[in-house]
Amino acid sequence: MVVAVYPGTFDPLTCGHMDIIERALPLVDKLIIGIYENPAKRPLFPLEQRARLVKEAVSRLPNVEVKAFKGLAVDFIHQVGGKVMVRGLRAGSDFEREFDMALMNRNLAPDIEVICLMTSSQYQFLSSTLIKEVAELGGCLEGMVPEHVAVALKERFPMPTKLATGKGKIKIKNQKLRR
Ligand code: ADP
C-alpha cells in the first residue's frame, strides 16, 4: 500500500493545490495532506483553520486524510507510515527551492521518495501569497480558490473602504464622485 503525503502551508488552499491533490490521488492508495504549522511564514490563517478549509475541500474525495503537523515533513511522513512526498512545481519559481528541499530530504530520510507534479497551465500563476494580496484589495477570486476559502478570505479582509474592484463591482467611498 502506497501512502503519500502532500505537505505544505496551505495559507490558504488554492485551486492549484486542489489540482495537485486530485492528480496525485490516482497514483497512490492513500494521500495524507499535511498542514505544516510554519510559524516562520507568519501565516494569515491559524493552523486549525487552514486544516478545516482543506478538510472541507477534500471531503468528497476518497482515500484522502488531512492532518496538521509541526517539525520536519520527513518525520511526519515516517509517523504516518508514508513512503512518498508529493510536491507541486510551477515553472521557474519553484524548481530551485523544491530541488534543494528534495535533496535535503533525501539526506534526512533516504527511504522517502519525492514526486513533483507539474502545475496545470491554468494554475501556473497561482500562489497563496498572491491570493492573499488580491483578497486584501477586494479582487475577485472566482476559479482561483474553492468557494468556502473565498468566504474565509472575505471574512478576514472586509472590503477596503476606499476603492475596491471585485467581479466588476466598483465601490467608491466618496459618493460625490458618482455620476
Ligand atoms: P510551502 O510553504 O510548503 O511551499 P505551499 O502551501 O505554498 O507550501 O505549497 C505546497 C506545495 O504546493 C508546494 O510544493 C508548492 O510548490 C505547490 N503549489 C503551490 N501552488 C501551486 C500551483 N498553483 N500549482 C502547482 N503547485 C503548487
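This is a predicted model: local features need pLDDT of at least 70, side-chain atom pairs count only at pLDDT 80 or more; totals for chains, interfaces and linings use all residues.

Me: In what order do the five strands of the open sheet come?

Reply: The order is 3-2-1-4-5, with parallel pairing. Strand 3 (64–69) and strand 5 are the edges, each pairing on one side only. On average, neighbouring strands are turned by 30° against each other, direction ignored; such angles use lines fitted to C-alpha atoms (for helices, over the stretch in contact) and run from 0 to 180 degrees between N-to-C directions.

Me: How many helices and strands does the chain have?

Reply: Helices (H or I, at least four residues) and strands (E, at least two) are DSSP runs, numbered from the N terminus. This chain has six helices and seven strands, in the pattern β-α-β-α-β-α-β-α-β-α-α-β-β.

Me: Which strands does helix 1 lie across?

Reply: Contacts settle that: two residues are in contact if their C-beta atoms, placed from the backbone, lie within 7 Å. Helix 1 lies across strands 1, 2, 4 and 5, at about 170° to strand 1. Helix 2 lies across strands 2 and 3, at about 175° to strand 3. For the whole chain, 74% of the contacts between residues at least 6 apart in sequence join residues at least 24 apart.

Me: Is strand 2 mostly covered or mostly open?

Reply: Count neighbours: a residue is buried if 20 or more other C-beta atoms lie within 10 Å of its own, exposed if 12 or fewer, and partly exposed in between, with C-beta atoms placed from the backbone. Strand 2 is mostly covered, as six of its seven residues are buried. Of the chain's 179 residues, 31% count as buried.

Me: Where on helix 6 do its buried residues fall?

Reply: An α-helix has 3.6 residues a turn, so residues three or four places apart point the same way. In helix 6 (147–156), Val 149, Ala 152 and Leu 153 are buried. Down the axis they fall within an arc of 100°, so they line one face of the helix; the arc is that of the directions from the helix axis to the C-beta atoms. Glu 147 and Glu 155, on the other side, are exposed. Helix 2 (47–58) and helix 5 (128–136) are among what covers the buried residues.

Me: Why does Glu 56 count as partly exposed?

Reply: Because it has 16 other C-beta atoms within 10 Å. Glu 56 is in helix 2, and its C-alpha atom is 8.2 Å from that of His 148, 92 residues away along the chain.

Me: Which residues does Ala 109 touch?

Reply: Leaving out residues up to four places away in sequence, Ala 109 touches Val 74 and His 78. Ala 109 sits in the loop between helix 4 (95–108) and strand 5 (113–118). With 17 other C-beta atoms within 10 Å, Ala 109 is partly exposed.

Me: Last one: which of the 16 residues around the ligand come nearest?

Reply: A residue is near a molecule or strand if its C-beta atom, placed from the backbone, lies within 6 Å of it. Gly 8, Gly 16, Arg 87, Gly 88 and Thr 119 come nearest. Helix 1 (15–24) and strand 4 (84–89) are the elements giving two or more residues to the shell, and helix 1 gives the most, three.

Note on methods: Residues are numbered from 1 along each chain as its sequence is written. Two strands pair if DSSP finds at least two bridges between them.
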